Amino acid sequence: MRFELRDHQRKAAKDVLTNLARGIDSHQRYGTNSAFSLSALTGAGKTVMATAVIEAMLHGSADLDTEPNRTVTFLWVTDDPSLNRQTIDRMIQASDVLTVGQLIEIDETFDQHTFEPGNVYFLNTQKLGKSTGYVRSGTDLRTHSIWDTVRNTIEADGVDLVLVLDEAHKGMRPQRDKKTLVRQLIDGPPAIPVVWGIS
């Protein structure tokens, strides 16, 4: 990290790392899913804390006493594409080991069978809507839909998917008794193994 974590930020990052490790282990061993949150006031440095956690998971961290996990991949979801861009810029600014190639904004060119370990993929919920090309597979433009990629990643051996919900509370409110797109993403099928909410 280029930024030195304050004591409360370091404690929060360690707590998140503990929850991630437990969630991944529980899913690998028993097939159980888990969810937890990182909540902090505006201006407390949530993105910096999240960057420290992701950096530690992907590259290891002596400061946070964490070994690198070679199987984990992150899907970072917001309801605002501009927020994703800001988050990527902030992560690049804060981290001295995460590269631009590891922070991937899902756009119209994205077409992968799975999310690859070692990366963070950024998605806004509008791209999950039925009217978008992102949810259609087997076309001239796209072999795999986003839903295909999520499912294939969850079902793949040697890959552990963590869903990060930035401002998690926004996407969870029911709308006329229908599941929100975020809720559909979490519940599947198959359900997301580990969900980390940030608010």
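Which residue in β6 is the bridge partner of L38? I found I198. This is a predicted model, where local features need pLDDT of at least 70 and side-chain atom pairs count only at pLDDT 80 or more, while totals for chains, interfaces and linings use all residues. Residues are numbered from 1 along each chain as its sequence is written, and side-chain values use heavy atoms, with hydrogens and water left out.

**Sheet**

I took strands (E, at least two residues) and helices (H or I, at least four) as DSSP runs, numbered from the N terminus. Two strands pair if DSSP finds at least two bridges between them. β1 pairs with β6 (residues 194–198) in the parallel sense, over five bridges. I then read the order of the open sheet: β1-β6-β5-β2-β4-β3, six strands, with parallel pairing. β1 (34–38) and β3 (103–105) are the edges; each has a single partner strand, so one side of each lacks a neighbour in the sheet. Neighbouring strands are turned by 20° against each other on average, direction ignored.

**Helices on the sheet**

Contact here means heavy atoms within 4.5 Å. Angles run from 0 to 180 degrees between N-to-C directions; axes are lines fitted to C-alpha atoms, for helices over the stretch in contact. α2 packs on the sheet and touches β1, β2 (72–78), β4 (120–124) and β6. Its direction makes about 160° with that of β2. α4 (residues 146–155) also packs there, touching β2, β4 and β5, at about 130° to the direction of β5.

**α2 against α3**

I get an angle of about 65°, with the axes of α2 and α3 9 Å apart. T47, V48, T51 and I54 of α2 meet T87, R90, M91 and A94 of α3.

**Pocket and cavity**

On a 1 Å grid over the protein atoms alone, a cavity is a set of points where a 1.4 Å probe fits but cannot get out; a pocket is an open set with protein on both sides within 12 Å along at least five of seven lines; lining residues have an atom within 4 Å of a point. Grid points are joined across faces, edges and corners, and a volume is the space filled by probe spheres set on the points.

The second largest pocket has about 270 Å³. I count 15 lining residues, with K46, T47, L83, T87 and D166 nearest its centre. α3 gives the largest share of this lining, four residues.

One cavity of 30 Å³ or more turned up. The largest cavity has a volume of about 40 Å³. I24, H27, I154, V159, D160, L161, P193 and V194 line it.
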